[in-house]
Amino acid sequence: MASAPATTPSGPAVADEAQASSLRHRLPVEIYVLGFTVLVWVGLGVFSRYFLTAGNISNMMRQVSIDAIVAFGELFPIILAGIDLSVGSVAALTGILFAMMLAAHLPVLLALPLTVALGLLIGLINGLAIDRLGIPAFIVTLAGLQGFRGLTYLVSGGMTVAGMPSSLDLVARTSIAGIPTMFVLMAVIGLVSHFILRYTRLGRYCYAIGSNAESARRVGINVTQVTLVCYCIAALFAAFAGMLLVSRLTMGNPNAGVGAELQAIAAAVVGGASLFGGRGTILGCFIGSVLFTTIGNGANLLGVSSFWQMVIEGLLIALVVYVDNIQKKRQAGVR
Amino acid sequence: MALLEMSGIFKSFGPVEVLRGVDLALEAGEVLALVGDNGAGKSTAIKHVAGVYRADAGEIRLEGKKVEFDSPRHARTLGIETVYQDLALADALSVGANIFLGREPTRKFLGIPVVDNAKIRSETEALLKRLSSRIPPKAATVAGLSGGQRQAVAIARALYWKAKVVVLDEPTAALAVMEREHVIELSRRLAAEGVGVIYIGHNLIEILEVADRVAVMYRGQVVHVVKAEETNQQELIKYMTGFTEAEAKAA
């Protein structure tokens, strides 16, 4: 056995240097998106007198709350390298059933846990189909996208559900210390999600499974369990969003949440998540949601057609992913 | 008493008899190289030790006690770490997170168990220092590491968790020359710490450099075991290609 030199000329010094320079290049994509969002704010503030009014800001805070909650849920399957296309339909189904229970004079304190349980059940079904039956997440939840929307129309007869108790819009209308209650709820859900992803074993296993499911299995991680939990979280958060929408509109709307899954996926991706798994943060999801809400709001204020809004959003997603890819390449170059 | 002993291991896949009575003994603190032509049964034999396959017949003894592995996880809890060719690191995680993956230390935060990142960081730094490794311990993820560095992370993981047996499956297959030296050095290091190392390889020059003993497999059996210093490439090749003991002596 020949002993290799203990420290080669290309030893620790080079590694440290490479590390330092890769740190310099590793500005997370969230920062760019945040910067861009602020630019959009400034621009809209200049072009629309109404944009920076208290009324509009609190309106946007309410709007972003619901979108962000769906996006937070969506992030969990995305980190696993999965996807949940059913969240919009799940929000509609849980929302409409929540509204129907309230319309039938069930107390909120009963309707709420029942709706939550329904959300968890749907997540469990999604997760079991994906993990146990081995059907790709894309297919399972595409079926859910269609199926749960169909169920929503069936139970509601395609009609909105009115007759909500007058106390219901408390959540949507009130504020806590000047901040809309919905926004506070969203922030709490976001913080809990961030905590799970960043600080618990469960969160770490999500990233591990998303980057290499086989290696996760080999080190003894219970991949089935983590998968089920992630799809349950996605569906549960969709149910939260569904109920909040009912509160905001003070009625159940079977068309609620159409396209919400795509918006949520877009927010996550713009916020730095990778559809190939293993990457993504709650903060990024939030910033992505804020950006899309801002664009929607600004376009309305400036009278830009909603069709153009969709085009702009599409271009944005492409741009952000492109910038992120350049970054990753640059990072790999300096390793 | 050998650290790990395989005796009379038979394994068939359908009509194909891949292992025909494998006998192999590994001592603590040695690097035992396992060589053989493609299809000789090296990987299959090793997967019995890793808990991936169960033998049709024969037994495995670990520290003299008969063991039957239900799963790779079971083998791992008994102290047998296998470092596969494809390395099985989670790219999205840091060096430390990979070393501790599945066995994270936790601490309580408001009564909730959270991953103790500070401990992972300090243990990882100490471990890498001890291995005089060139891996930047603070690298955000292992995605940017070279093949040799990834190999070193996997070996460091085995070392940290006090594996008794470490199986390295062609650890240098895709490495540059310098990195190859580093991995060989790490393998010796493991042995010096008292670990029994099974080193599967193709490159006989490298094998003779790293190993204390070499076991040659041919058609599902270990046909020859020899001290590395008492053999050479020519002899090993003869056994690998099916010379009998007598023929090899005569030649």
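Begin at the second largest pocket of this predicted model, which holds about 860 Å³ of space; a pocket here is an open set of points on a 1 Å grid over the protein atoms alone, where a 1.4 Å probe fits, with protein on both sides within 12 Å along at least five of seven lines, and its volume is the space filled by probe spheres set on the points.

Select next the 37 lining residues, each with an atom within 4 Å of a point; A:Asp67, A:Val258, A:Gly259, A:Ala260 and A:Gln263 lie nearest the centre. Coloured by class, the lining shows 20 nonpolar, 13 polar (Gly among them) and four charged (Asp, Glu, Lys and Arg) residues. Helices, which are DSSP runs of H or I with at least four residues, supply two or more lining residues each, among them α11 (223-249) and α14 (306-334) of chain A, while the largest share, eight residues, comes from α3(A).

Residues are numbered from 1 along each chain as written, and chains are lettered from A in the order in which they are written. Local features need pLDDT of at least 70, side-chain atom pairs count only at pLDDT 80 or more, and linings use all residues, with hydrogens and water left out of side-chain values.
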